[in-house]
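Have the sequence and the 3D view ready.

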Amino acid sequence: MAAHIEIQGGAGETRPPEHPLDAGTRLSFRTKVVLVWTGIFALLGIFFWLAKFDIAWMNRTFKFIITGVWVTVVIAIVSIFFAVVLALLGSLGRLSKNAVAYGVSGFYTSFYRGTPLIVQIFLVYLALPQIGSSLQDRGLIGSTLARYFVLSAVLAGIIALSLNYGAYMTEIFRAGILSVGPDQTEAADALGMSYKQRMRRVVLPQAFKVIIPPTGNEFIAMIKDTALVSLIASSIFWYDIFKRATVAGNHDFKNLEALVVTAGIYWALTAIFTLFQTKLETRVSKGYVRQAGTPSRKPGAKRLEEQSRREDET
Amino acid sequence: MHRSRLKAVTALLGVLALVGAACSKSSSSPGGETGTPAPTDQTVCASADLTAGDLLAKICESGLIRFATDPVYPPQSSLNPQTGEYEGFDIDTATEIAKRMGLEIEWATPDWTVLTAGGWNDRWDVSVGSMTITPERAEVLYFTQPYYFAPAGFAVHADNTTITSAADLAGQKVGVCGGCTYEDYLNGTLQIPDYTIDFAVAGAELVTYKTDKPAIDDLALGDCVRLCAAFSAVPTLQGAIDAGKAIKIVGPPLFYEPLAVAIDRSAPLDAASFVAALDEIVAQMHADGTLTAFSMATYGEDLTIQQGA
């Protein structure tokens with residue numbers, strides 16, 4: 001239920017033209033929002049002007065900084081993919097009756113949610129090689145294998161980001177799976193489905209409707225957290241937006257300007273991905289949202305929808 | 001449904017393949033500029049014993065020397081956003097070292113604290129990063145002889161009239177990079193082998209930053225707004241003044257730090273001949289005036305001769 005409301009809010013397209021707030025005014029709700037945003041941007045413009053930024057330098061350096069966008073996006077996309085895999089395994093572990101699976105996933109979420117991401121990045125980058133060389137000293141592995149413990153900064157960052165976000169998303173996935181009512185599980189059992197079949201065919205498809213909106217949120221948060229990766233090390237090929245801003249700002253004593261450019265780029269980037277997220281949510285919630293023209297905001301309408309959905313499915 | 005899922009998986013594999021390709025590409029091509037190897041008959045690697053099985057042999061065999069630099073310290077090391085090239089005194093020195101070794105360059109830019117802690121795990125070979133020789137660092141790193149001596153001092157806001165000497169800093173807020181030798185100096189704990197240091201500043205209230213730059217930015221906000229003084233290398237302070245920051249340098253430098261090329265002690269291969277070769281190159285660059293020329297070009301003065309101390 002809660003997730004359903006979120007989907008509608010996230011979609012933002014279902015607002016009917018006869019919004020109650022519009023009663024008795026000549027301006028539509030949408031126009032008012034546009035006016036508010038115009039006002040805010042005007043205010044931002046004034047702040048910008050008062051701060052006396054070196055606009056010419058920002059223009060000149062913009063290209064250098066934005067070149068790092070692909071690094072940021074690649075790190076975020078690869079990390080979110082592995083985070084989803086880890087979260088799926090983690091949540092199944094959290095809901096498992098197997099003591100090993102439950103214990104391991106419990107420790108995993110506790111540790112990776114309980115320690116700072118920056119510490120985890122440093123641990124993967126610095127501690128793994130020491131373990132590798134220690135194993136090599138003890139003659140347990142060869143020098144070739146020990147080399148694999150020495151990860152590049154980007155790879156270490158991807159691993160740390162995946163583990164960290166996977167731990168947070170484990171809870172999201174767990175909640176999503178639990179949101180599928182016990183009646184569904186019972187029905188699947190009654191049909192003689194195995195655990196695997198039940199999960200793949202009945203529970204997970206319905207859980208994903210609940211899981212996708214917060215996962216989108218996590219992805220947007222992750223885009224910004226990729227900046228932490230640049231704190232360890234890399235070659236210029238792997239400089240992300242933030243690292244580029246840092247070195248460019250330091251070169252010309254324009255740190256503040258560089259950070260403002262970076263903020264703008266991250267903002268634009270997250271706005272683009274928010275658009276994708278909205279599209280995806282609309283798509284996933286298809287079939288659960290009333291078509292345009294039918295009043296869907298009546299109290300209890302959603303409960304009715306839910307009921308009719310259940311009827312459709314059984 | 002099934003086909004679209006297949007498409008998604010293929011797309012993801014595509015992305016991963018791209019990352020993989022990029023990874024292998026980055027290791028083979030140096031990010032920044034590449035040093036042009038000198039004629040092979042004069043270089044260190046040309047005369048090195050490649051069968052020795054030590055670090056020097058391995059590096060010469062690979063044809064590539066991997067320098068670590070922290071490009072947030074102009075005029076020593078920075079990245080020019082207009083050209084995408086590293087530049088500065090350290091970069092010039094490192095490029096010349098690679099040339100005399102007869103090797104191509106690859107740059108790595110680790111965090112400064114990762115660099116000074118040693119245990120590089122073979123991620124890069126050498127630091128030419130204006131690193132001060134201290135007893136703690138010498139436990140984990142080998143040092144060559146100093147390639148130059150950086151003057152350290154402090155600046156106050158341009159409007160300040162009350163702070164005219166190091167003694168006036170007592171009780172004042174002084175900005176300094178955390179975990180660096182300047183912080184040790186202000187705390188009175190700095191040790192440099194074979195150098196006696198006169199601790200002229202006492203009782204200052206230290207505010208530590210990740211690098212020197214934010215301290216200078218904070219100082220430029222106004223006289224004693226956030227900081228009353230910022231402690232740094234004199235060339236760094238001068239660079240900030242040249243960039244238009246409203247600060248001024250007070251008095252002559254308080255001490256000169258010997259800065260050297262560093263190599264990881266924990267490297268599994270024997271580093272002795274490599275360290276000796278680098279030390280020899282630094283000595284040659286001192287003798288033939290190369291370092292002096294670099295110093296004049298970058299700092300406008302010759303910082304390669306030991307002063308004070």
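## Where the chains meet

How many residues of chain A are in contact with chain B? The count is 26 residues of chain A, touching 32 residues of chain B; two residues are in contact if their C-beta atoms, placed from the backbone, lie within 7 Å.

On chain A's side, the elements that give two or more residues are helix H3 (55–66), helix H4 (69–94) and helix H11 (241–251). H11(A) gives the largest share, 5 residues. Helices here are DSSP runs of H or I with at least four residues, strands are runs of E with at least two, and both are numbered from the N terminus.

## What you're looking at

This is a predicted model, where local features need pLDDT of at least 70 and side-chain atom pairs count only at pLDDT 80 or more, while totals for chains, interfaces and linings use all residues. Residues are numbered from 1 along each chain as its sequence is written, with chains lettered from A and ligands numbered from 1 in the order in which they are written.

## The sheet in chain B

Chain B has an open sheet of 8 strands with mixed pairing, in the order E5-E1-E6-E11-E7-E10-E8-E9. Strands pair if DSSP finds at least two bridges between them. Strand E5 (104–108) and strand E9 (205–209) of chain B sit at the edges with a single partner strand each, so one side of each has no neighbour in the sheet.

Now zoom in on one pair: strand E7 (residues 141–157) and strand E10 (residues 229–233) of chain B run antiparallel, joined by 4 bridges. Phe154(B) has Phe231(B) in E10(B) as its bridge partner.
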